[in-house]
Amino acid sequence: MRRYVDTYLGEARVAIQQQAQYRIPAFFNLAGFMIEPVVYLVVWRTVAAQSGPIGGYGVAEFTSYYIVWTLVRVMNLALAPGAWDWWIQNGRIANELLHPVGLYHRQLANFAGGKVIWMVMWVPMALFLGVIFRPELSPSITEGVVFFLAIWLGYWIRFNVLWLMGLISFWTTKAQALIEVVIALEVLLSGRLVPMAVMPEWVAAISAWLPFKWTFQFPIEVLIGRLDTTEVFVGLLTQFGWGIGTVALIGLIWKTAVKRFTAVGS
Amino acid sequence: MSVIGHSVRVALLHWKIGAMYEMQYRLNFVLQVIQSVVRLATGLVAIELVFGHTGDLSGWTQPELLAVLGVQILLGGIMQTFIIPNMFSLMFEIVEGDFDFTVVRPVDAQVFASTRRISFWSFVDVVLGGVVIGWAVSGLGTSVGVLDALAFTLTLVCGMLLVYCIWMIFTTSAFKLINVDDMAQLLQGLYEAGRWPVRIYPLWLQGILTIIVPLGVAITVPAEALADRLTPGVLTLALAITALALISTRAFWRWGLKSYSGASA
């Protein structure tokens with residue numbers, strides 16, 4: 001256990017130093033990620049201003065939702081599945097497999113560490129958006145604590161889902177189309193495009209049974225105070241369940257996947 | 001042969017070779033179709049959701065928004081097919097010092113660096129964008145006249161040139177900033193913002209998408225031509241911005257090239 005804690009702290013420290021070294025690219029990269037919620041925010045504020053509240057979301061609620069969305073987006077950034085194609089095609093994964101600590105742990109810690117710098121960069125962007133759009137946010141301390149827990153669990157689930165997508169590269173280097181389908185499902189069913197309250201009921205019902213909603217909408221709704229105590233409790237348990245379930249699946253697939261890999265030069 | 005004629009011939013040869021190379025991997029066509037259809041479906045769902053709750057979006061009707069989406073997909077296809085593969089190659093060559101091999105060739109380095117790669121199957125998006133535009137026009141309720149069609153073609157060409165200029169200026173900054181590939185996410189994000197008419201955004205974002213990174217002009221203005229919303233003033237502005245972008249791109253390229261000292265320097 002001590003070994004893992006040291007590894008996580010070490011990897012996170014390295015990631016912080018790396019991100020701090022390349023501040024300008026990291027800032028612009030992050031700014032690129034911020035545009036998506038701003039676009040949705042403008043569109044849905046306009047719709048709500050014209051037609052009135054939709055599923056309980058008026059102009060103020062949409063504003064709060066998408067401003068918190070920007071923070072959740074920073075927090076659930078994870079290793080893109082496309083990275084696996086490059087690692088495997090170039091044989092680079094051989095180096096990673098020789099490392100005494102598992103690749104999963106190192107990458108999970110690395111992305112977690114990077115978030116420290118991204119969060120620092122997110123603050124001025126959020127202040128700018130706050131001044132422009134004036135969200136009405138007044139979370140309690142309890143909501144803040146639960147949100148903190150929910151975004152880390154959301155990150156863990158999203159990291160695992162993308163990791164599972166990446167593992168497909170051990171079988172085929174043509175996984176991009178499948179990944180595109182999964183990302184589209186995430187956009188539609190996670191609350192990333194719109195809160196599920198805006199979607200038809202049957203779509204919202206499906207989303208509750210998939211992992212995506214628990215990585216975006218759930219943490220957001222915790223902070224903007226749209227959930228009661230039972231919903232928060234059930235949500236956290238569901239997140240934990242998805243986290244454990246996806247890790248178990250990774251453990252199962254990883255063994256078979258690695259057996260298929262033949263290192264370059266072997 | 002004139003310099004322009006020679007450059008065009010070199011570009012056509014590169015595209016021909018690139019297309020022949022990619023023709024070997026026909027499965028990629030099927031995969032590209034799946035990806036393009038998925039992205040289109042996501043865009044259509046977003047528009048359908050908006051119009052499930054309102055009759056118009058800041059005065060834009062559903063077929064007009066469909067036209068914006070069509071232009072965005074079509075220009076995205078041009079970008080993925082002809083522009084982005086070249087820009088990423090150039091970025092990596094500058095970092096690695098391999099750009100030496102481009103500079104020493106007996107052809108204009110900017111033309112060579114901008115035309116030697118092609119992602120042939122991404123052309124699917126150009127076709128799909130065209131289909132969406134056709135679908136939008138059929139729903140507009142007004143006929144598109146010859147002048148509208150001419151204005152659309154002209155502004156679409158301006159859009160293609162603008163997209164090229166934006167990417168070229170961004171890539172050229174690698175001569176000074178070196179590692180710029182991470183920053184490409186910003187351009188991708190701004191391009192996605194073009195999926196909606198630029199006029200619905202707050203003034204600061206309209207300013208960014210019109211003057212600093214004129215992707216809004218590149219995408220919204222051709223759609224305006226189809227929707228009979230284009231005024232002579234906006235057309236003139238689009239032409240002026242395109243001319244200015246072309247001149248600035250060339251000047252920036254020359255300035256950037258001067259600071260490249262080669263792999264062995």
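How many residues of chain B are in contact with chain A? The count is 29 residues of chain B, which meet 29 residues of chain A; two residues are in contact if their C-beta atoms, placed from the backbone, lie within 7 Å. Before going on, please keep in mind that this is a predicted model, in which local features need pLDDT of at least 70, side-chain atom pairs count only at pLDDT 80 or more, and totals for chains, interfaces and linings use all residues. Residues are numbered from 1 along each chain as its sequence is written, while chains are lettered from A and ligands numbered from 1 in the order in which they are written.

Let us stay with the side of chain B that touches chain A. Helix H2 (27-51) and helix H9 (184-193) of chain B are the elements that give two or more residues to it. H2(B) provides the largest share, eleven residues. By residue type, this side of chain B divides into 18 nonpolar, nine polar and two charged. Here Ala, Val, Leu, Ile, Met, Phe, Trp, Tyr, Cys and Pro count as nonpolar, Asp, Glu, Lys and Arg as charged, and the others, Gly among them, as polar.

Now for chain B as a whole. It has twelve helices and zero strands; these are DSSP runs, numbered from the N terminus, with helices being H or I of at least four residues and strands E of at least two. The radius of gyration of chain B is 19 Å, close to the 18 Å that the globule rule gives for 265 residues, so chain B is as compact as a globular protein of that length. That radius is taken over C-alpha atoms, and the globule rule is 2.2 Å times the number of residues to the power 0.38. Buried residues make up 41% of the 265 residues in chain B. A residue is buried if 20 or more other C-beta atoms, placed from the backbone, lie within 10 Å of its own, exposed if 12 or fewer, and partly exposed in between.

The largest nonpolar core has 143 residues, and A:Val68, B:Ala67, B:Ile83, B:Val163, B:Trp167 and B:Leu190 have the most contacts inside it. Such a core is a set of buried Ala, Val, Leu, Ile, Met, Phe, Trp, Tyr and Cys residues joined through C-beta atoms within 7 Å. Helix H3 (residues 62-96) of chain B gives the most to this core, 18 residues.

Finally, look at B:Arg195, in the loop between H9 and helix H10 (203-212) of chain B. B:Arg195 counts as buried because it has 20 C-beta neighbours inside 10 Å. Leaving aside neighbours within four places in sequence, B:Arg195 is in contact with B:Gly43, B:Val68, B:Leu69 and B:Gln72.
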